Amino acid sequence: MALVLNTTDHPKGREPSSPGKIYLSSLKLTNFRNYDELTLRLDSRPVVLTGPNGAGKTNLLEAISFLSPGRGLRRARLADLGRRDGDGSWAVATTLAGPDGETDIGTGLVFGNDGPASPRAIRINHAPAPGSRTLLDHLRVVWLTPAMDGLFTGPAADRRRFLDRLVLAIDRRHGERVASYEKAMRGRNRLLEENHSDVKWLDAIEAQMAEFGVAVAAARKECIALLSKAISATSHDQTFPAAQFGIAGTVEEALDTASATEVEDQLIRAFSLGRPADRAARRTLSGTHLSDLKVTHAPKQTLAAECSTGEQKALLVGIILAHAGLIARMNGEMPLLLMDEIGAHLDSTIRADLLGILLGLGFQVWLTGTEPGPFSVLGDAAQHICVSDGTVKVGATLG
């Protein structure tokens, strides 16, 4: 069940030592959030979006986040993304430029008289794609938003979701494993609630849960091990402190001393013995859905949750930078990096260091802020766009 990561996981099989540059050369929104129609022509340089709160900067980043699987950086309902005065339909389209040429990617939701005509549509080079995992064949998107500033002090579910997105970016099958585990768990909970008498049915579902649960846990552990190596090798330690990781979870911890097959058997026994308690609680009280990501500020040997707000933000930025670099090496192509209101909780010196690091990475990074001044150090090395009430003006004045 261990996660195996190599260049063959990426269909293009590019050598990890020479990641290819990937960037959006165009972006078109139709009836998305506060945008009626928008078309942007872009090059590979970082993109800086500035403007007042509520202008639509984050909406642009959210649109780009839908070029990856899942519910985007806000985790919004797909039916809520259309313009308020529209019928709910929306579309995001881009031309992706890379070392192998251009790829047209489109996604969106179409409403009919009875609601959405289908699940989110995805088209690659104008042909229907079988599912959102197909997007990972062409692009990996990583983001950092203000909502993530409370990651280390918030609920475990947020950290678990964050970890699973880290894994998904380097293992495109991880999302299916998580979804299969959760589907099996919902089925088991329903059978327990109905006091179903077919024990063999419960046995079969619990065997599925154990299989997918151990696979999910193994993938999480493998990703954490790879990310830890990436962080230890980074040159940004002085600006962004190194993070140490651990996973608090019975399944992940069991994999430290037992084989995947042995842990599956242990989990099956735990599910079987736990049926009375789970029936009473109306939920499953053990499994990988309860695991928690633990992060420590390595230089201080202090739990991230006990660090200052600024230290927590620096830790998070360091993790995201290391993860983006890991994606480039593992998949052979650079990811797209979205950083919303990146200046929050970072002093001017650290913010300037970050901008320099981002330029050095060579990714197409999308940055937002209310004022253009903090980004003036980038000069012509970035594309500056002023956003105002769902409209954009390329070439913002730098203050």
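## The open sheet

Six strands, in the order S2-S1-S4-S5-S8-S9, form an open sheet with antiparallel pairing, where strands are DSSP runs of E of at least two residues, helices are runs of H or I of at least four, both numbered from the N terminus, and two strands pair if DSSP finds at least two bridges between them. Its edge strands, each pairing on one side only, are S2 (35–41) and S9 (127–128). This is a predicted model, in which local features need pLDDT of at least 70 and side-chain atom pairs count only at pLDDT 80 or more, while totals for chains, interfaces and linings use all residues. Residues are numbered from 1 along each chain as its sequence is written, and side-chain values use heavy atoms, with hydrogens and water left out.

Strand S1 (residues 23–32) pairs with S2 in the antiparallel sense over six bridges, and Phe32 stands opposite Tyr35 in S2. Helix H1 (residues 57–65) packs on the sheet and touches S1, S2 and strand S4 (90–98), contact meaning heavy atoms within 4.5 Å.

## The chain as a whole

The secondary structure of the chain comes to nine helices and 17 strands. The radius of gyration, taken over C-alpha atoms, is 22 Å, close to the 21 Å that the globule rule (2.2 Å times the number of residues to the power 0.38) gives for 399 residues, so the chain is as compact as a globular protein of that length. Along its principal axes, the C-alpha trace spans about 70 × 60 × 40 Å.

Definitions and conventions. Axes fitted to C-alpha atoms, helices over the stretch in contact; angles between N-to-C directions.
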